[in-house]
Amino acid sequence: MKINFHIKSRYLKLVFFAFIISGCTSTGEKVDFSTQIKPILNTKCITCHGGVKKSGGFGLLFKEDAFTETESGKPAIIPGNASGSEMIKRLHEEDPELRMPYEKAKLSDEEIDLLTRWVDQGAEWGEHWAYSLPEKVDVPTFAQKASLGPENENGFLKNQIDNFVLARMDAEALEPNAPADKNVIARRVALDLVGLPPTPQLLQNFESGTISYEAMVDSLLAQKTYGEKWATWWLDLARYADSKGYEKDMERSIWKYRDWVINAFNEDMPYDRFTIEQLAGDLLPESSTDQLIATAFHRNTMNNDEGGTDDEEFRVATVIDRINTTFSVWQSTTMECVQCHSHPYDPFRHKEYYELMAFFNNSRDEDTPSESPLLKFFTPEQQKEVDKVIEWATRFGSDQLARTYKDFMQFTEPVYKSHFFKDFKSSVYDDHASVVFWDNGSCIIENAYTNEASYVLLNYRSHYNGTKMTIRANDGQGPILGEFTINKTKGNITAQFPIKKIDEKTDLYIETQNNAVAKEINILNLYWVGFVPDLPARDQPGWSDANAAFLEALNANTETVPIMAENPKFMKRTTQLFDRGSWLSKTDTVMPGTPESLNTWNTDWPDNRLGLSRWIVDKRNPLTARTLVNRVWHQIFGRGIVATLEDIGSQSEPPSHPELLDWLSLRFMNEHGWSIKALVKDIVMSGTYRQSSESTPEMYRLDPNNELLARGPRIRLGAEQIRDQALAVSGLLSDKMYGPGVMPPQPDGVWQTVYNGSKWVESKGEDRYRRGIYTYLKRTSPYPSFLTFDAGSREVCMIRRTVTNTPLQALVTLNDPVYLEASYQLAKNTREKDNVGRSIAKAYRMATLSDIEPETLSALMELYQNSLAEFNSNKEASKLFLKFDNQPTAELSALTIVANAIMNLDEFLTKA
Amino acid sequence: MKDKIERLIQEKLVREAEVNTRRHFIKSCAQGMGGIALSSIFMGCDPLGKPKTNSSMGFSERDLNPLATLSPPYAPKVKSVIYLHMAGAPSQLEMFDYKPQLQKYDGQDCPQSLLEGKKFAFIKGTPKLLGPQAEFKQEGESGNWVSNFLPHFKKVVDEVAFLKAVNTDQFNHGPAQLFMHTGSPRLGRPSIGAWATYGLGSENQNLPGFVVLTSGGNSPDAGKSVWGSGFLPSVYQGVQCRSKGDPVLYIEDPEGITRDLKKNTIKTINEINKKEYAKYADPEILARINQYEMAYRMQIAVPEVMNINSEPEHIKQMYGVEPGKESFANNCLLARKLVEDGVRFVQLFDWGWDTHGNIREGSIDLGLRNKCREIDRPITALILDLKQRGLLDDTLIVWGGEFGRTPMQENRGNKKMAYKGRDHHGDAFTMWMAGGGIKKGASFGQTDDIGFSAVEGRVSVHDVHATILHLLGFDHEQFTYEFQGRNFRLTDVEGEIIKEILA
């Protein structure tokens, strides 16, 4: 029997091993459900007998379906009795109408044998490995590998990661590669940790032996650029962009979230906290401004401002995106499938999707163009006023009241937004933003709660003086709650008007009258209606001041960032199952809950997003740490330990090093206290990482994806890195951090979005040369050269960027003015008078950190000479080519051509 | 030494190109990008989505060139597709779907029975019906109806097959366009052009396999995602070719650089890269060498094909081109040139068909008539030109919008509109196809007396997709890509081939 080299999972080996031991009889080795049976069921049976389709009433996805009575009235599997089990009998049938798999090839003898033995052995239903995490993993040891051991400086075994890797290599009869050269490993580790080549100083210190490898790693981990590099990865997951997406794709100011992520990485915020703050920072007691900013993670969902769209439809789309993204980002699980039906392969039920939805279904954002709730950033003076209000509410009211006031001033929620108003008479919802009232206009807010307030807060814009507004309970005949006059305003304002206190929910009828205005003329636009419990102690001196400060805060014009805020009790939505995933056909009501097949819920947790985030970072969750470890590993090695980054479950690739994945995950949680920096350091300190990536065609043939890790990683750089590196080696790169997105030069006419006046206004000064992470990202039209190098549009969560290799990429680095300017600067910086060879060698060294080899030098010299001849023969050409230079010469032009060629070398574009 | 490496590399390229594209495991395509990104991307993902049994370890021609030509699993009817999308949604009631009864009801309240349970983008309350604003005649031997907004089109009416009752459940532009082009109203799925290019590669290695041309002053509402590659490798996304500025971004050499100089540069880069390959043996390096050569050739081929000035005068007149401008006529001529040169999928978007009646350009009588004038001659010319070159039999032309328009006059804000206009309407609208494998002069599907709903021959967007894939030689149910543990199709879990319009 020949073992296909590709099926390199230890599981399959086990299968074959089992055969050899058992001699293919139906006794012997215990069959393992997860590794031996589940794969057969998944590939051969589950399409018809799964979670969606259960032909004959028999399903093999959930245990209870497998052992329950089928349509025949008997269970198909009788544990301990294979010959009496219909399932096994059917595998042997000769009649094609009866044989299973139906209308497919017969199972192999090995597969039938395994299934038979499994049933005979009691048909033990196991868990898939992905859904349970071991408590401890033993590190393989090597007695006789002294030459590879730590006492040998060039030895492979640098830390325990290497033991796992070497064990696998041993099994495949492979040897590790030699360590990479110092300049090579320095470039590799700098690109991996900070996304940029090392500074000449750091490189020199390391190459000369002044500092150790570890000291270099520590120094890189401490740099601010570390946060920028790793945030770039996280922002793909968070679908961060500077616009809202969909048709209008208007700007969204959410860059403070991007800056929060950079800082979180730089401060090495533990991953559990990092998770909780992003998913539920608003629900933490006394949440800080930073914790509120963190919740913008889930405000990166798209917002549809297109005319005529139903806000509720797109609010639901947003909630669905949040469920799917949360599970993609933290659990490597594709929940999308479960929206319409139980998962076809993994143990998640249809209902569980909606139980998860119940966690996300009660946030205040409602797909309005304003994107409320928006966290306001007050100036210090404004903040003083805000504090005054909070103090008052604390002093005369309660802490809870103070929080209500604080929240309302900070993000103006909860309020009733006009898109939910109903029964328009001489008034109309003007699509997305406000209700327009005419004379004698009216509408109804259904089932409103006035919070027992004696004031109503209105956000409106009035075009006339003297409009009488009447608010009644129930309907046009109901008792009057308030009656007041509204005068012309300059733009939108928020104002307070007295109403009668009531203490129960009621429909609110709002009516406007202004006889002075002709029919069908817009008198006022009403955006929202809100109620905040009264500011107490009205009789105390200072009340008016405090109340005025409150209104001032509401009307303050500040910078903002969209955040998550939870519905108060009186606004809670119930969550219902969607029949076949359609939001228009709702069925049973569900309560918040997490999938049964994962870790159990701790009843101490609140049943909201905060509880959900605690469940995710509970150490018993089998997927959280593994997911993170796997993806960090992928960032560094270009391949995950589980290659399917999106999916760790029964359909995923088996891990290349299962024990290593678990060991790293346990260490990450228990020993490193969720420190990502510590995890990254473990990985880059390993001998596995520090191997040379030099190889042979035979090695590639043997292990094309470097699954066995018998060589170092070799991967093309990411979109932002390629540009950052070009700017860095040419000395153009700005180290300015944070702030709104910048607009480096891009070709004219790239932005063309309907109904959107926004323009690409080229940034000035150093903003042209900022790192790629700060480049303005408009979803319908991202920065073109990044797109070409596989960056995404960040409309939805992107787990990984598929690396491609296309001619359009060559055109970018050859012709994009960004690269020409960088080439020119590199040429200028490295030029040595009258010594072309030295100039080229210097430029090459600056770009690649390697000393130039004679053949490379002669090839580049030849290019230089040819170019020089061309530029000499046409004096105008240099002027046209080097627009950046006042006195362009043929020599500098030719050297720029050479520098550009260097920036197009595979060596430059690749982390080797 | 250099010669030896050169020879080794050449031998390797040849050898590897011979290795078939079929790969070991169905799972492998989801397997990330290791050092050998390309090969892992294409590994095992043959367009049929069938598991491979061949365990050869070599990498395929596709590893080196992801656009290498592949044969479809079934005999194709056409090689290329030209898809003409009227972004904003054209009114079927003024172009092809003649409704004399609607004229009778003009100005009357729309029956409540039609409005119940319906959602409209802008219509509120009870709108009034609006009679057709164009005159209709039966044209050609087929006797199919064409309005007087399209005086040229009647010449080719016998070449096309109409679908009179296409249905979509999306009635906002962005989602509806996404649905029309990716089979899903939400983002993240590959577009039809990306699927086609992924499945078939390109016939011309010097041009992108999937080209997008826009006109009307704006990109489509849904943005670049309507020609995106979704979860397919980004090499399959549409490449936007522009009539102003560089035809493809960064295709022009910088000023002052001659072709010779560029050739030398690329030669030098590739020479050094070959040395790199000798050291690392990473097939990605070979792919890069290939891509740089292709980039060089593309720099010549793209401006050439994008230059309409080189066409003879009578052809330019036939289309009514406006050289130097961004126009639909130019794009139609370009589309012909592109498919003539072997481009797989040419996607045209013409913006400005959203005729609500709120402004003059957006009125159903005046504005729409102008838009029709802009496309009438070019489309007619495109069909005739392809035909006279014998290319029509190898090409599929698809025409349509993202939805249709209501038989009712729009009443946005419950007010009378400034102009005559119609709201978005997805229940039943018209599309047509022409070219290889299409039954000439056919008309399938019928709407009720006022053109509100289908009474027979209702087809879905998925059906349209299934039909396009069928003509390209694919079974839409088998043409899958595994992503996130699931096999995805353009047609999701639906779609039936519309046999009634096939020859």
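## Model and conventions

This is a predicted model, in which local features need pLDDT of at least 70 and side-chain atom pairs count only at pLDDT 80 or more, while totals for chains, interfaces and linings use all residues. Residues are numbered from 1 along each chain as its sequence is written, and chains are lettered from A and ligands numbered from 1 in the order in which they are written.

## Overall form of chain A

Chain A contains 33 helices and 15 strands; helices (H or I, at least four residues) and strands (E, at least two) are DSSP runs, numbered from the N terminus. Its radius of gyration, taken over C-alpha atoms, is 33 Å, close to the 29 Å that the globule rule gives for 912 residues, so chain A is as compact as a globular protein of that length. The globule rule is 2.2 Å times the number of residues to the power 0.38. Along the principal axes, the C-alpha atoms of chain A fill a box of roughly 90 × 90 × 50 Å.

Of the 912 residues of chain A, 52% are buried. A residue is buried if 20 or more other C-beta atoms lie within 10 Å of its own, exposed if 12 or fewer, and partly exposed in between, with C-beta atoms placed from the backbone. Helix H19 (residues 609-616) of chain A has 8 of its 8 residues buried, so it is largely enclosed by the rest of the structure. The buried residues of H19(A), including A:Arg609, A:Arg614 and A:Trp615, pack against helices H12 (271-280), H14 (311-331), H15 (350-360) and H20 (624-637) of chain A.

## Helix packing

The axes of helix H6 (residues 160-171) and helix H21 (residues 658-671) of chain A are 9 Å apart, at an angle of about 165 degrees. H6(A) is therefore roughly antiparallel to H21(A), a term for angles over 145 degrees; axes are lines fitted to C-alpha atoms, for helices over the stretch in contact, and angles run from 0 to 180 degrees between N-to-C directions. A:Ile161, A:Phe164 and A:Val165 of H6(A) meet A:Glu659, A:Leu660 and A:Trp663 of H21(A). Contact requires C-beta atoms, placed from the backbone, to lie within 7 Å.

## Interface with chain B

In chain A, 94 residues are in contact with 86 residues of chain B. H30(A) provides the largest share of the side of chain A that touches chain B, 8 residues. By class, this side has 35 nonpolar, 35 polar and 24 charged residues. Ala, Val, Leu, Ile, Met, Phe, Trp, Tyr, Cys and Pro count as nonpolar, Asp, Glu, Lys and Arg as charged, and the others, Gly among them, as polar.

## Backbone features

Most residues other than glycine have a negative phi, and most peptide bonds are trans. The bond from A:Ser372 to A:Pro373 is cis, with omega near 0 degrees, and A:Pro373 lies in the loop between H15 and strand E1 (374-377) of chain A. A cis peptide bond also joins A:Glu413 and A:Pro414, with omega about 0 degrees.

A:Glu520 has a positive phi of about 55 degrees and is partly exposed, with 15 other C-beta atoms within 10 Å. B:Ala281 has phi near 60 degrees and is buried, with 23 other C-beta atoms within 10 Å. B:Ala281 is placed in the loop between helix H8 (259-280) and helix H9 (283-305) of chain B.

Terms used
Contact = placed C-beta atoms within 7 Å. Parallel < 35°, antiparallel > 145°, perpendicular 65-115°, else oblique.
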